[in-house]
Amino acid sequence: MHTDIDNWPAWNPGIEQARLSGPAAVGADFSWRTHGMNIISTIHEIVPEQRIVWGGTVGGIVGIHAWTFERNGDHVVVHTEESWSGDAVDAAVDELAAALKASLESWLDCLKSRAEQTA
């Protein structure tokens, strides 16, 4: 579900559009729109059903986002980490840290809700 990037908007209302340029694989690019920002990201690492890492730049902010999925009995535990860097981040550290925290919490909430619907 998480690597089906084209369908992110179906379960995450914070994503207006998402389009992967080919199969989900290292080096693949995808474009997506969130909070009015058009982003092009590249998949840097993918381990099926275990981990995906992508990164991209928008508005002078370089972002790297990592997700790990660990099976625990009949559940999957999801961990996510994201880092932002660049002059825009340096100029508004507290504001952007709060925005990043809210964004990650929203992603996790949406993912959990969708996974529980299909379980």
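**Entry 1. The second largest pocket.** I sorted the lining of the second largest pocket by class and got ten nonpolar, nine polar and one charged residues. The volume of the second largest pocket came out at about 410 Å³. Of its 20 lining residues, Thr 34, Met 37, Ile 39, Glu 82 and Trp 84 are the closest to the centre. Two or more lining residues come from each of strand E2 (29-34), E3, E4, E5, E6 and H3. E4 gives the most, with five residues.

I wrote down the terms here. A pocket is an open set of points on a 1 Å grid over the protein atoms alone, where a 1.4 Å probe fits, with protein on both sides within 12 Å along at least five of seven lines; lining residues have an atom within 4 Å of a point. Grid points are joined across faces, edges and corners, and a volume is the space filled by probe spheres set on the points. Helices (H or I, at least four residues) and strands (E, at least two) are DSSP runs, numbered from the N terminus.

**Entry 2. What kind of model this is.** This is a predicted model, in which local features need pLDDT of at least 70 and side-chain atom pairs count only at pLDDT 80 or more, while totals for chains, interfaces and linings use all residues. Residues are numbered from 1 along each chain as its sequence is written, and side-chain values use heavy atoms, with hydrogens and water left out. I looked up pLDDT, the predictor's confidence in each residue, from 0 to 100. The protein averages 94, and 99% of the residues score at least 70.

**Entry 3. The largest pocket.** How much space lies in the largest pocket? I found about 840 Å³. It is lined by 25 residues, and the closest to its centre are Met 1, Phe 69, Val 76, Val 78 and Ala 115. At least two lining residues each come from strand E3 (37-47), strand E4 (51-58), strand E5 (61-72), strand E6 (75-85) and helix H3 (93-118). H3 supplies the largest share, six residues. By class, the lining of the largest pocket has 13 nonpolar, five polar and seven charged residues.

I then looked up Phe 69, which is in strand E5. Is Phe 69 buried or exposed? Phe 69 counts as buried because its relative accessibility is 17%; buried means under 20% relative accessible area, exposed over 50%, and partly exposed in between (1.4 Å probe, protein chains only). Leaving out residues up to four places away in sequence, Phe 69 touches His 2, Glu 49, Gln 50, Arg 51, Ile 52, Val 76, Val 77, Val 78 and Leu 111. Contact means heavy atoms within 4.5 Å. Phe 69 and His 2 are 67 residues apart along the chain, with their C-alpha atoms separated by 10.0 Å.

**Entry 4. The nonpolar core.** A nonpolar core is a set of buried Ala, Val, Leu, Ile, Met, Phe, Trp, Tyr and Cys residues joined through side-chain atoms within 4.5 Å. The largest one has 18 residues, of which Trp 8, Phe 30, Trp 32, Trp 54 and Trp 107 touch the most other members. Helix H1 (8-11), E1, E2, E3, E4, E5 and H3 each give two or more residues to this core. I listed the contacts of Trp 107, not counting residues up to four places away in sequence: His 2, Trp 8, Trp 11, Asn 12, Ile 15, Trp 32, Trp 54 and Trp 67.

Cys 110 lies in helix H3 and is buried, with a relative accessible area of 13%. With residues up to four places away in sequence left out, Cys 110 touches Trp 11, Asn 12 and Pro 13. Cys 110 and Asn 12 are 98 residues apart in sequence, but 5.5 Å apart in space, C-alpha to C-alpha.

**Entry 5. Two loop residues.** His 35, in the loop between E2 and E3, has a phi near 50 degrees, a positive value in a residue other than glycine. His 35 is exposed, at 62% relative accessible area. Glu 49, in the loop between E3 and E4, has a positive phi too, near 65 degrees. Glu 49 counts as exposed, at 74% relative accessibility.

Definitions and conventions
Nonpolar A, V, L, I, M, F, W, Y, C, P; charged D, E, K, R; others polar.
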